[in-house]
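Welcome! Here is a short briefing to read alongside the model, with the main points grouped by topic.

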Amino acid sequence: MKSSQEHRRLIKVLKRLAFGALVSIGPFASAQDLAPRAYLITPVHSNSVNLTYAFLDGELLFDGTVPITGATARASVSIASLTHSMRFMGRSANVSVSMPYGVGNFRGTVVGAETNAYRSGLFDSAYRFSVNLIGGPAMDLSDFRKWKQGTLVGFSFRMVAPTGQYDPIKLINYGANRWGFKPELGVSRRWGHWILDSYAGVWFYTTNHKFFSKNQFSPGINVQTQSPIFAFEGHLSYDVKPRLWASLDGNFWYGGRTTLNGVENHGTLQKNSRIGGTLSLPMSGHQALKVSYNRGAYVRFGGSYDNVSVGWQYSWVGRPN
């Protein structure tokens with residue numbers, strides 16, 4: 001009898017946990033982006049390859065929405081990205097593609113039982129198109145060398161495709177089994193060696209029609225939705241010399257309540273922020289190294305992590321040299 005009661009209680013716990021599962025892999029959620037100088041322009045036909053390694057370690061906070069204690073996550077994520085600049089209606093524009101792969105461990109105590117989940121696989125791929133609206137016409141390399149930045153205003157559209165590892169039987173996945181879309185407006189202003197960047201955007205998500213389904217705890221099909229997330233980001237950076245710069249970074253995002261089978265959980269509202277810093281070091285005429293660190297400054301619901309990343313960039317104009 002007692003075993004049956006405990007089993008039913010565990011089922012209830014897991015169904016409640018399903019409301020918060022999207023934030024259980026919070027360090028990789030797009031709303032948490034910190035990307036200084038995202039709207040600076042480059043010459044037409046510029047290209048760059050970026051290889052980034054990130055290590056994340058910290059707590060998972062559920063704000064009392066589920067009976068889970070001591071929840072932690074530790075993960076290593078490798079990201080390969082490619083960016084290409086072009087002309088778009090006479091303006092400077094670029095497209096980028098990112099493919100992440102991660103290995104991680106998630107731990108916590110659920111109903112008094114220690115639980116550990118190990119995951120290794122691809123995350124959802126990301127695609128971004130950005131175009132300058134004010135201050136940055138499309139320029140070839142010779143014209144770009146004579147150009148001086150003032151105020152730049154740009155627009156970007158980012159899409160996250162459901163290409164990552166996903167198994168509806170499991171509660172924790174690297175893929176989200178849904179599409180994500182983010183229109184964003186960015187402003188960048190230079191004063192001598194200083195650059196101030198600020199961005200504002202909204203994440204929209206499609207429905208996950210197979211969320212934590214067809215398993216011993218939930219034999220049916222669960223449908224999960226998430227409300228939009230408003231994301232704000234700011235950076236203050238200083239140029240020591242060309243391609244050698246440092247920045248202070250911060251962001252804030254709000255929203256993202258989850259709904260399971262038509263029932264909304266108000267406790268999953270996210271009102272979080274992160275702060276950190278970035279250092280860019282030139283290694284040669286075509287190579288640069290970027291090191292960054294950020295952590296949760298205020299986390300109401302989701303992941304409170306320390307995030308250290310190191311990235312190598314190779315850039316060129318036209319064909320590779």
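In which strand is Leu-248 found? Leu-248 is found in strand 11, residues 244-255. Strands here are DSSP runs of E with at least two residues, and helices are runs of H or I with at least four, all numbered from the N terminus.

Before going on, please note that this is a predicted model, in which local features need pLDDT of at least 70, side-chain atom pairs count only at pLDDT 80 or more, and totals for chains, interfaces and linings use all residues. Residues are numbered from 1 along each chain as its sequence is written, and side-chain values use heavy atoms, with hydrogens and water left out.

- Leu-248 is exposed, with a relative accessible area of 60%; exposed means over 50%, buried means under 20%, and partly exposed lies in between (1.4 Å probe, protein chains only).
- Strand 8 (194-205) and strand 10 (229-241) are the elements that give two or more residues to the patch, and strand 10 provides the largest share, with three residues.

**Nonpolar cores**

- The largest nonpolar core has 12 residues, including Leu-56, Leu-60, Phe-106, Phe-123, Ile-172 and Tyr-305.
- The elements that give two or more residues to this core are strand 1 (46-61) and strand 2 (68-88).
- Another core, of seven residues, lies apart from it, with Ala-126, Val-160, Ala-231 and Trp-253 among them.
- A nonpolar core is a set of buried Ala, Val, Leu, Ile, Met, Phe, Trp, Tyr and Cys residues joined through side-chain atoms within 4.5 Å.

- Glu-184 sits in strand 7 (residues 180-191) and is buried, with a relative accessible area of 7%.
- The side chains of Glu-184 and Lys-182 are joined by a polar contact of 2.9 Å. Such a contact is a pair of N or O atoms within 3.5 Å; within protein, one must be able to donate a hydrogen and the other to accept it, and residues adjacent in sequence count only if both atoms are side-chain atoms.
- Asn-307 belongs to strand 16 (residues 302-317) and is buried at 15% relative accessible area.
- Not counting residues up to four places away in sequence, Asn-307 touches several residues, including Ala-54, Leu-56, Arg-274 and Tyr-293; contact means heavy atoms within 4.5 Å.

- Glu-59 lies in strand 1 and is partly exposed, at 46% relative accessible area.
- Glu-59 and Asp-306 are 247 residues apart along the chain, and their C-alpha atoms are separated by 9.2 Å.

**Positive phi values**

- Most residues other than glycine have a negative phi.
- Met-89, in the loop between strand 2 and strand 3 (91-110), has a positive phi near 55°.
- Asn-261 is not a glycine either, and its phi is positive at about 55°; Asn-261 lies in the loop between strand 12 (258-260) and strand 13 (263-265).
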